[in-house]
Amino acid sequence: MSEQGFSRRNFLKVSAIAGGGVMFGFHLLADANPAQHLADTLFSPNAYVSIDANGLITLMSPNPEIGQGVKTALPMILAEELDVQWDKVHVEMAPLDPSKFGAQVAGGSGAVRGRFMPIRTAGATARTMLITAAARQWGVPDSECTAENAFVIHKPTGKKLSYGELAAKAATLPVPTNVPLKDPKDFKIIGTRVHNIDNHKIITGQPLYGIDTRREGMLYAIVARPPAFGKTLKSFDDTETRKVNGVKNVVQAHNVVAVLATNTWAAKKGRDVLKVEWQDESKLESTADHDASFAELLSNKSDRPGRNDGDIEIALANAAYKIVEATYEVPALSHANMEPLNFFADVKGDKVELYGPTQVPSRLRGDVAKALNVPEANITLGMPRQGGGFGRKLQSDNGVEAALISQAAKVPVQMLWMREDDMQGDFYRPASMFKYRAAVNPITNEIAAWHFNGAVLAGGSAGKPDGFPAASIANYRADNHSLKTNIQTGPWRAPTSNSVAFADESFLDELAHAMKKDPIALRLELIEKGKNQPVGKGLSYDPVKYKSVLDLVAQISGWGKPQKPNTYLGFAAHYSFSTYAAHVAEVTKMKNGKLRVTKVYSAINCGRVVNQSGAETQVEGAIIDGLSHALFSKVTFDKGAVEQKNFNTYKFLRMKHAPIEVIVKFVPSEDAPTGLGEPGLPPIAPAVGNAVFAATGIRYRKLPFEFEKA
């Protein structure tokens with residue numbers, strides 16, 4: 001394997017530690033051109049391992065851990081190539097340092113897929129250097145030595161030296177290039193089941209999360225924020241607040257007012273009696289207004305279609321063709337992380353210490369520097385384990401707000417959002433509406449035309465113009481409309497895909513029934529057409545991989561075979577983050593007449609699986625998350641205010657509604673890993689909707705379904 005050369009200076013950092021140990025710092029994909037290196041750092045990942053003289057091996061995990069398992073998976077990759085036993089290593093979260101670690105981000109299902117080969121190379125390079133160090137000490141060729149379980153062994157004699165014994169000598173060696181990687185058939189860690197590295201700490205309640213932060217002299221901050229989008233702070237009266245026992249101060253930080261106290265209860269009680277006057281700054285929007293505007297937008301095409309193959313107007317106007325039409329609606333959603341937003345900040349002059357949950361630590365640090373007008377180099381930021389992210393913590397508002405409050409109050413603060421704050425102040429999954437028209441040729445019984453017309457709240461695209469079944473239909477057009485709003489929106493687990501997959505896959509099911517074709521057979525037919533005779537600019541997906549998940553899920557679910565009495569199946573598939581996911585949902589008519597999702601079968605093609613246990617957990621979690629929001633969850637607005645204030649009205653799946661079983665199977669693959677934290681979510685809503693149609697003959701075209709009330 002040919003790899004880019006590493007300079008000694010960029011690759012190896014030697015530090016004298018007790019007993020003569022060494023630290024290998026892996027700064028990957030570095031070259032002699034610093035400017036070019038900086039340009040490449042976004043996906044030039046790295047990791048490092050420290051080995052002391054006693055053989056203690058510490059592996060650093062560079063990306064934020066938000067529950068997706070990277071704190072376990074990334075060190076597994078390094079340990080594999082380094083050839084050390086998993087139960088003999090210590091794993092720590094790496095500090096924020098883009099100069100060493102590149103982009104330390106949790107988002108886009110990109111951590112493992114972005115770092116897989118660089119981290120393998122890092123581990124293999126360290127292993128090679130340790131082998132060379134042993135060979136020179138013994139005066140034998142490198143080829144006679146091998147590494148195993150943190151030892152280098154001389155094969156002819158059986159002599160061995162530990163990595164700890166070799167570390168100091170290895171540090172003096174030139175750094176090799178083009179190092180050989182392990183043959184995958186020799187993997188001992190990658191592909192196995194490894195428990196989450198923090199499991200014990202989690203179940204024993206150890207302080208892992210930002211919300212656990214405690215510092216000497218710290219005050220707790222509860223904040224009064226605008227009660228609706230479109231309102232801004234006019235004035236406040238803190239007379240009664242300052243009378244509350246435990247309240248120490250009240251400060252304004254831009255458009256919010258913070259109550260600081262010695263405990264969270266006092267801070268909350270102080271905020272409860274704070275008199276705040278808000279004034280209208282812009283329009284106070286409501287969901288009913290959005291829906292009406294969506295309908296108006298969808299009555300027209302967009303000026304610039306995302307894709308336009310053939311001529312849909314001619315095809316849709318053909319009197320001989322059968323026209324199938326449907327409109328689908330999805331609501332805004334909250335991220336609703338189980339760990340409410342929080343952040344610790346201690347601002348002392350132009351020195352700032354930050355600690356708290358974020359998916360984008362480097363960006364957050366930069367935004368705090370701008371907000372406080374301090375040099376970014378003066379800001380330290382620690383990254384705890386996080387109680388969920390799902391895209392909410394791609395925003396930096398929690399860290400910036402905490403820093404502004406600390407600066408104004410001149411004390412260290414732990415800023416904490418109540419659940420009601422979180423529901424009103426989110427960057428929501430934007431609501432969308434989708435209108436479809438398709439023409440079916442009655443002679444060939446094929447789809448002759450497909451028109452997608454989508455509208456979404458705020459910026460971005462309502463759909464994926466080049467997604468399936470684009471390139472498989474001769475006349476295909478995708479239009480997109482964006483509705484301007486003052487309501488905050490942002491990425492939500494599997495952005496765009498989490499909405500449009502419901503619409504695309506539901507409409508495909510409607511077409512299959514209108515054409516009297518099996519839903520999976522119709523998709524296989526379209527995949528084959530796209531593969532053999534692609535239309536327009538061609539395919540955006542791999543038809544072989546797409547087909548692989550359809551075939552696998554059909555096999556494991558018994559698709560097409562007789563089902564148990566009162567059980568019905570629905571199918572859906574989707575491609576996102578370079579991963580292919582196909583689900584079959586089983587819906588059962590219960591004795592009380594209600595419907596229940598009793599089982600979900602899932603087939604995933606995500607390249608090589610690093611941690612079998614973690615991978616299954618990610619897909620299962622995505623299915624439950626997607627199912628919960630498909631059945632129950634929605635955010636609606638009335639005059640700029642969120643109507644769902646807490647979990648009593650923002651409904652979640654309860655255990656009695658959860659599937660009895662979720663079966664996840666992965667397509668065997670030798671390819672590098674692709675995304676996994678998000679792709680399992682988009683297909684579950686349409687799979688369930690299609691199963692409900694099979695059971696009842698009723699089409700649910702609007703989320704949430706709410707057919708299964710608590």
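## Helix α15 pair

Lys 529 and Glu 525 form a salt bridge, with their closest N and O atoms 3.9 Å apart. A salt bridge here is a side-chain nitrogen of Lys or Arg within 4 Å of a carboxyl oxygen of Asp or Glu. Both residues lie in helix α15 (residues 519–532), four residues apart, about one turn of the helix. Helices (H or I, at least four residues) and strands (E, at least two) are DSSP runs, numbered from the N terminus.

Lys 529 is partly exposed, at 22% relative accessible area. Glu 525 is partly exposed too, at 23%. Buried means under 20% relative accessible area, exposed over 50%, and partly exposed in between (1.4 Å probe, protein chains only).

## Basis of the model

This is a predicted model: local features need pLDDT of at least 70, side-chain atom pairs count only at pLDDT 80 or more, and totals for chains, interfaces and linings use all residues. Residues are numbered from 1 along each chain as its sequence is written, and side-chain values use heavy atoms, leaving out hydrogens and water.

## Other salt bridges

The whole structure holds 40 salt bridges. In one of them, Glu 277 meets Lys 234 at 3.4 Å, N to O. Glu 277 lies in strand β12 (residues 275–280) and Lys 234 in strand β9 (residues 231–237), so this pair ties together parts 43 residues apart in sequence. Glu 277 is partly exposed, at 40%.

Arg 365 pairs with Glu 376 in a salt bridge, closest N and O atoms 3.5 Å apart. Arg 365 sits in helix α11 (residues 361–372), Glu 376 in the loop between α11 and β17 (379–382), eleven residues apart. At 14% relative accessibility, Arg 365 is buried. Glu 376 is partly exposed, at 33%.

## Strand β18

Strand β18 (residues 413–416) is covered on both faces. Val 413 and Met 415 are buried on one side, Gln 414 and Leu 416 on the other.

Strand β8 (residues 219–224) runs parallel to β18, joined by three bridges. Strand β15 (residues 342–348) runs antiparallel to β18, with four bridges. Strands pair if DSSP finds at least two bridges between them. Val 413 is the bridge partner of Leu 219 and also of Ala 345.

## Positive patch

Lys 594, Lys 651, Arg 654 and Lys 656 gather in a surface patch of positive charge. Patch residues have over 30% relative accessible area and no salt bridge, with like charges joined within 9 Å. Lys 656 is in the loop between β26 (641–642) and β27 (661–666). Lys 656 counts as exposed, at 52% relative accessibility.

Technical notes. Patches are made of residues with over 30% relative accessible area and no salt bridge: like charges are joined within 9 Å, nonpolar side chains (Val, Leu, Ile, Met, Phe, Trp, Tyr) within 5 Å. Accessible areas come from the Shrake-Rupley method with a 1.4 Å probe; for residues, only the protein chains shown count as cover. Lys and Arg count as positive and Asp and Glu as negative; His and the chain ends are not counted. The place of a charge is taken as NZ of Lys, CZ of Arg, CG of Asp or CD of Glu.
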